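Keep the 3D view open as you read.

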Amino acid sequence: MKDRLRRMKALIGKEFIQVVRDPSSLLIAFVLPLILLFLFGYGVSLDAKRVKIGVAMEDSGAEAASLAASFLASPYFAARLSRDARVLEADLLAGRSRGIVVLANDFSRRFHSAGTAPPIQIITDGSETNTANYVQNYAQGVVSTWASLHKLQQGNDSRTGPLLVPRIWFNPELESRDSLVPGAIAIIMAIIGTLLTALVVSREWERGTMEAMMATPVGIVEVIIGKLIPYFLLGMVAMLGSVAIAVFLFKVPFHGSVGALLLTSVAFMLAALGQGLLISTAAKNQFVAAQVAMITGFLPAFLLSGFIFEIASMPMPIRGLTHIIPARYLVTNLQTLFLAGDVWSLLLPNVLILLGLAAVLFFITARKTAKRLR
Amino acid sequence: MVNRIRALIIKELLAILRDKKSRFVLIVPPLVQLFVFSFAATQEAKNQTLAVLNLDHGKPALTLEQDFAAAATFSRVLHLDHAAEVTPVIEEQQAIAVLWIPEDFSRNIESGQQAAASFILDGRKTNTAQIVQGYAQRIMNDFRARLGPSGPADGARLVVRNWFNPNLDFKWYTVPSLVCILTTLISLLVTSLSVAREREMGTFDQLLVSPLHPLEILVGKAVPALFIAMLEGTFMVLAAVLLLRIPFNGSLPLLYASMAVFLLAIIGVGLFISSLSMTQQQAILGAFVFLVPSVILSGFSTPIENMPQWLQTVTLGNPLRYFMIIVRGIFLKDIPAALVWHQTWPMAIIAAITLSTATWLFKKRME
């Protein structure tokens, strides 16, 4: 037992030296997380603010003018006025604007004859699909506000009757940064846990040093544990650092407890390491391991975890697939811990699933490794 | 000289394609990804669950509830009985939103007073919450309009036409974008590994003592990568059009011309990383450190217009940004040559810079 501990210590020490000596592991464990956090913290945002649109004023009546003024004044749009719709259509084609509001030349006349606004045409750039949705929603908002204001000026109070009062919990301003930063942390951990582990272990196989190691008194389990512990610690350090940056620099609120955060991260790290280990054992070649880790580790963490793209909106087979993506559970837990708090009834099942996934992955790896040795 | 380069190109292609696993990894996963992710990467709000807490038994309240239940966004409706159930339903993400109709809702409508219903949303999912909120507001507006002339919501009706993608099908947006990302991934990995593999294997020294000029070695590394990536791009465009039924409205020659320029820019980056790396691991991780930010800054998952000004300036150096606009433009908008050129010349400048920097570094590291 004592020998075993001593051997493990030596192995872990060796692995640490390897990490510190190789600038590329430090790059991936510290520099890339910083870049990602800064991009998600300062730059990237899903909130379309000041979407560029064109307002085609084909009518010069007072009503058309006041509606156009509402579009110009709206904080959601950066509107450009033009009398000629063709100019605006060229803008739309070139991607210089994302939508056109057409106020047809009989707008004011029809307004007077009917007493209400005639239909207003909105053209959006469907090739930017999400932005097109936003343009539609925002335009609806501008027109409704304008219409009720218009009523009010005519002494017709629009503030009676049914109305919907939206209340957004956990993130009242719908600041997309607050949910993207926790998601970015999940991606960082997936990269370290899966990609880095897959690479370092497959290198040992590729170079034949794994076999060399087996000829020594060190057991295979010790080799693997010795390999995993340093990367486990690296992932946890990167996670804690990222959370600290998110909370102190980007002021993302953190309502959960540190204990729950650690529990979730440990469970995820185990699953991610198990995945990386399995990939490297199956691939034994760095190029293949990198590709597979990218495809089954990083890209799903980015696309199938619910971090940017909503899982419920995916078609059934893919929704099913997301259940075996560890990052899915981490993203939910981190977003909950940051924005909502310790909701154990949600957190605990996710932690258990992660541990279950980790157990399955380690079990398959152990069987595969045992076979290879024979 | 041509013979020497040709021999090197053939050797390089063999090195990549000979190994069965590498061949598999190069061809199958990108196509699988194209399929899986094109269905997955959607920012719509579908199949959502709505919870309803209706404390009012009047007819208007019931109608409103039915209006919400009938909306296409909500595929499931949970009925709550007590206000105490609202918190766990939202916290545990059993529903994206709760429609809370108070006891006096119908009474207030009938007496001509303000009748407010609450709509509680899960702010952890900012994008979905925002879209669902938009839908809910529209349902409420229609409900108001149907209450009759006394209802204040007048004809502020919008007629929306979505150009280039009439039904706002998200796949039409995602698939062309994924074609760009996946070709980037392939060309970057193949080139960044090319020199590093020789270094790690020790065959690099053999190349050095051969009569090959450094520039010839680089050309011999760049051409196979260009060839493989173009081929892969062709596969993916074919799969997009034939299997995923994405309309292809634009010009194929323009697509290929701009793809070549784009790939040269990426290959320059790949060769630069490769010259810098001592091992394959460093090369792969280096490629990764370039790839992730350039995907994030490409405008794919979040529009470039939403970024702060300084970051928008940074994206000008990202070749993927231009290529995305071109590919989506050619697929959906049939953009003319002038607009393609407008996006291509910045990529040509970037290509010139990355290729010459890679050559400089490669020569320097050989000394």
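Start in chain B, where strand S1 (residues 48-54) and S2(B) pair in the parallel sense over six bridges. Two strands count as paired if DSSP finds at least two bridges between them, and helices (H or I, at least four residues) and strands (E, at least two) are DSSP runs numbered from the N terminus. Within this pair, Ala51(B) has Leu78(B) of S2(B) as its bridge partner.

Before going further, a word on what you are looking at. This is a predicted model, in which local features need pLDDT of at least 70 and side-chain atom pairs count only at pLDDT 80 or more, while totals for chains, interfaces and linings use all residues. Residues are numbered from 1 along each chain as its sequence is written, with chains lettered from A and ligands numbered from 1 in the order in which they are written.

Now zoom out to the sheet around that pair. Which strands does it hold, and in what order? It is an open sheet of five strands with mixed pairing, running S5(A)-S4(B)-S3(B)-S1(B)-S2(B). At its edges are strand S5 (161-169) of chain A and strand S2 (74-80) of chain B, each pairing on one side only. From one strand to the next, the twist averages 25 degrees; axes here are lines fitted to C-alpha atoms, for helices over the stretch in contact, and angles run from 0 to 180 degrees between N-to-C directions.

Helices pack on this sheet. Helix H3 (residues 59-70) of chain B touches S1, S2, strand S3 (97-101) and strand S4 (114-122) of chain B, where contact is defined by C-beta atoms, placed from the backbone, within 7 Å. The direction of H3(B) makes about 175 degrees with that of S1(B). H6(B) lies across S5 of chain A together with S1, S3 and S4 of chain B, at about 170 degrees to S5(A). Because 15 of its 21 residues are buried, H6(B) is largely enclosed by the rest of the structure. A residue is buried if 20 or more other C-beta atoms lie within 10 Å of its own, exposed if 12 or fewer, and partly exposed in between, with C-beta atoms placed from the backbone.

A further open sheet has the order S2(A)-S1(A)-S3(A)-S4(A)-S5(B), and its pairing is mixed. Strand S2 (77-82) of chain A and strand S5 (158-163) of chain B stand at the edges with a single partner strand each, so one side of each lacks a neighbour in the sheet. Inside it, S1(A) and S2(A) pair in the parallel sense over six bridges, with Gly54(A) opposite Arg80(A). Strand S3 (residues 99-103) and strand S4 (residues 120-125) of chain A are antiparallel, over four bridges, and Ile100(A) stands opposite Ile123(A).

Finally, look at a helix pair in chain A. Helix H3 (residues 62-73) and helix H6 (residues 129-153) of chain A pack at about 130 degrees, with axes 10 Å apart. H3(A) and H6(A) are therefore oblique to each other: angles under 35 degrees count as roughly parallel, over 145 as roughly antiparallel, 65 to 115 as roughly perpendicular and the rest as oblique. Leu67(A), Ser70(A) and Phe71(A) of H3(A) make the contact with Val142(A), Thr145(A) and Trp146(A) of H6(A).

Note on methods. Contact = placed C-beta atoms within 7 Å.
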